[in-house]
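Please read these points with the structure open.

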Amino acid sequence: MAAATSDQPATGCVGAGTGALCGGIKAGFGYAEKQLTSGISVAAAVVVNAAGSAVNPATGRLWADQGQLLAAPTDLERAALANAYAEAQASYATTIGVILTDAIVSKAQASKLAAVAHDGMARAIRPIHSMLDGDTVFCLASSHRPVALEPMQWLFAFNTLLAGAADVFADACLDAMLAATGRGAWKSYTELAPSAVG
């Protein structure tokens, strides 16, 4: 889930998230951020709009809820979630997001951060990167903090930043699903499985 800060953007059905769907369920715009032990900050902002599903069909849980912070949906709720996915009409979709960091990185390193953020997307949506999806992740770096103070520590520190990028992207996808509210015929996860978010 998104960290609570005064600068946190509004999430859910705002901006491009207004028309976002994921596997027949209303999705939206999500945000998450964390500070690494190095002091570097990394955040993700994403509009979840995918042909795949954000829901594990066996459990009804959101794929991105890897810590199982939410309760398990009831049998009836799992059936409603499965029905929403079964009735979803195949259409073109794009999950688009950005990794934000204050680390000093080169263009190639920023590209690597964006690429690894797709791992976070794959944790949150399945199947992912189908022929119906135009998934894209960018990286923006303010270049205020060195990745590591000692050259010998740089590789380890950059790997930690890469892992953080994947983690926050999955968390932003979770936020996008939980912050979304139903629109018209499309119900949100919180409406289809209210006991999970209690």
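1. Accessible areas here come from the Shrake-Rupley method with a 1.4 Å probe, and for residues only the protein chains shown count as cover. On that basis the protein has an accessible surface of about 9600 Å², with 59% of it belonging to carbon and sulfur atoms.

2. This is a predicted model, in which local features need pLDDT of at least 70, side-chain atom pairs count only at pLDDT 80 or more, and totals for chains, interfaces and linings use all residues. Residues are numbered from 1 along each chain as its sequence is written, and side-chain values use heavy atoms, with hydrogens and water left out.

3. Along its principal axes the C-alpha trace spans about 55 × 35 × 30 Å. Buried residues (under 20% relative accessible area; exposed is over 50%, partly exposed in between) make up 46% of the 198.

4. Helices (H or I, at least four residues) and strands (E, at least two) are DSSP runs numbered from the N terminus. There are five helices and six strands, in the order β-β-β-β-α-β-α-β-α-α-α from the N terminus.

5. Strands pair if DSSP finds at least two bridges between them. An open sheet of four strands runs β3-β4-β5-β6 with mixed pairing. β3 (29-35) and β6 (136-145) each have a single partner strand, so one side of each lacks a neighbour in the sheet. β3 pairs with β4 (residues 41-47) in the antiparallel sense over seven bridges, and Gln35 stands opposite Ser41 in β4.

6. Axes are lines fitted to C-alpha atoms, for helices over the stretch in contact (heavy atoms within 4.5 Å); angles run from 0 to 180 degrees between N-to-C directions. Helix α2 (residues 107-124) lies across β5 (96-103) and β6, at about 130° to β6. Helix α3 (residues 154-179) lies across β3, β4, β5 and β6, at about 145° to β3.

7. Which elements cover the buried residues of α2? The cover includes β5, β6 and α3. Among these buried residues are Leu113, Val116, His118 and Met121.

8. His118, in helix α2, has a relative accessible area of 18% and is therefore buried. Leaving aside neighbours within four places in sequence, His118 contacts His129, Asp135, Thr136 and Val137. The C-alpha atoms of His118 and Val137 are separated by 7.1 Å, at 19 residues apart along the chain.

Methods. Buried < 20%, exposed > 50% of the residue type's maximum accessible area, 1.4 Å probe, protein only.
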